[in-house]
Amino acid sequence: MKILAVAMLFPLFMALALPGAYVYAFHEPKPREMPVEIIGVDQDSARLASGLATKMAPSFRVTAVADADTARRHLDDLSSRGAFEPTTGTLYVASAGSPLAKATVETAFGSVAQQLGTELTVRDVAPLPESDRLGISLLFIGLAAILAGFVTATVLNVAVKDLSIRTEMMILGLVALIAAVITTFIAYSAYGALSGHLLGVSALVASGTVCAGLVQSGGVKLIGPGMTVIGVAVLVILGIPASGIAVPVEMVPSLFAHLHSWLPTSGVLDGLRRTLYFDGGGIESDLPIIGLWSAVGAGAIWLSTLRSKNEPAAVAEQEGAR
């Protein structure tokens with residue numbers, strides 16, 4: 001009965017944590033400090049930017065930018081969600097960054113254009129393809145990669161005893177390769193949901209599998225099977241809302257917005273989006289996250305080897321003392 005009670009803790013945790021975190025994150029999305037820009041350096045544009053910065057706060061963070069080319073670059077690296085040119089009534093957006101963010105910005109500047117007495121013209125500089133109109137196919141590709149690494153490490157460390165680290169790493173690398181092949185085949189060939197940047201997407205999928213596997217393996221070796229709960233919490237329960245794929249990070253509670261720059265799931269999923277739809281623009285902010293967590297996992301594995309080496313010596317010392 002004790003074993004059964006302990007075993008039931010994990011599904012009970014999932015039943016509570018998943019809806020608790022996801023409903024909290026997604027049930028009422030609204031903009032908070034969403035970055036938008038006003039195009040123009042003339043006095044009228046500067047006055048408009050200053051007025052809107054006060055009027056639209058705290059939902060939007062309004063800044064001025066010199067020209068449309070600069071605004072487009074900011075949209076491409078996702079440092080801006082929209083740019084309004086008051087002289088022409090043109091609103092530049094990037095739906096590939098987030099359809100929900102695009103709709104939110106379009107609604108907000110529709111009111112601005114109406115107050116200015118001009119007709120709003122929307123130009124999507126990074127539209128989503130017809131094969132993936134919601135832009136969330138990459139969410140399931142990336143999540144599959146992360147879970148492949150997580151499950152592999154859990155099984156090898158909990159169900160398989162006395163497996164060498166070298167063998168475990170070889171298996172993890174093989175699983176990463178298989179995960180990359182299967183997920184990209186489904187996304188690119190079976191359904192045609194994604195297109196282009198196949199090698200970059202494959203590399204990110206494989207790196208996500210390895211990263212999750214290293215973190216989970218190191219955790220299990222150090223603290224035991226309880227790492228399963230921690231791993232699920234970090235990689236899935238917190239990681240998905242913090243990734244900004246389903247709902248942009250400027251429209252989820254601040255907890256998840258702060259975690260966006262730190263969790264491995266965010267690094268993998270955001271990297272996939274930037275690779276697929278923005279030619280890798282801004283991916284330099286995601287790769288260090290994946291690398292850091294991989295290093296943490298590898299470091300935990302190394303620490304576990306030191307502990308395993310010290311344990312026989314400690315046992316021998318105790319026996320000698322007797």
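This is a predicted model: local features need pLDDT of at least 70, side-chain atom pairs count only at pLDDT 80 or more; totals for chains, interfaces and linings use all residues.
Residues are numbered from 1 along each chain as its sequence is written, and side-chain values use heavy atoms, with hydrogens and water left out.

Helices (H or I, at least four residues) and strands (E, at least two) are DSSP runs, numbered from the N terminus. Helix α7 (residues 198–223) packs against helix α8 (residues 227–237) at an angle of about 150°, and their axes are 9 Å apart. Axes are lines fitted to C-alpha atoms, for helices over the stretch in contact, and angles run from 0 to 180 degrees between N-to-C directions. The angle makes α7 roughly antiparallel to α8. Angles under 35 degrees count as roughly parallel, over 145 as roughly antiparallel, 65 to 115 as roughly perpendicular and the rest as oblique. A second pair consists of helix α5 (residues 137–158) and helix α11 (residues 264–277), which pack at about 140° with their axes 10 Å apart. α5 and α11 are therefore oblique to each other, and α5 passes α11 in a right-handed crossing.

An open sheet with mixed pairing is formed by five strands in the order β2-β1-β3-β4-β5; two strands pair if DSSP finds at least two bridges between them. β2 (60–65) and β5 (121–124) stand at the edges with a single partner strand each, so one side of each has no neighbour in the sheet. From one strand to the next, the twist averages 25°. Strands β1 (residues 34–39) and β3 (residues 83–85) run parallel and are joined by two bridges. Ile 38 has Phe 84 in β3 as its bridge partner.

Side chains of opposite charge can pair when their charged atoms come close. The structure holds eight salt bridges, each a side-chain nitrogen of Lys or Arg within 4 Å of a carboxyl oxygen of Asp or Glu. A salt bridge joins the side chains of Asp 69 and Arg 72 (2.8 Å, N to O). Asp 69 and Arg 72 are separated by about one helical turn, because they lie three residues apart in helix α3 (residues 68–76).

How values were computed. A crossing is left-handed if the near helix is turned anticlockwise from the far one by less than a right angle, and right-handed if clockwise.
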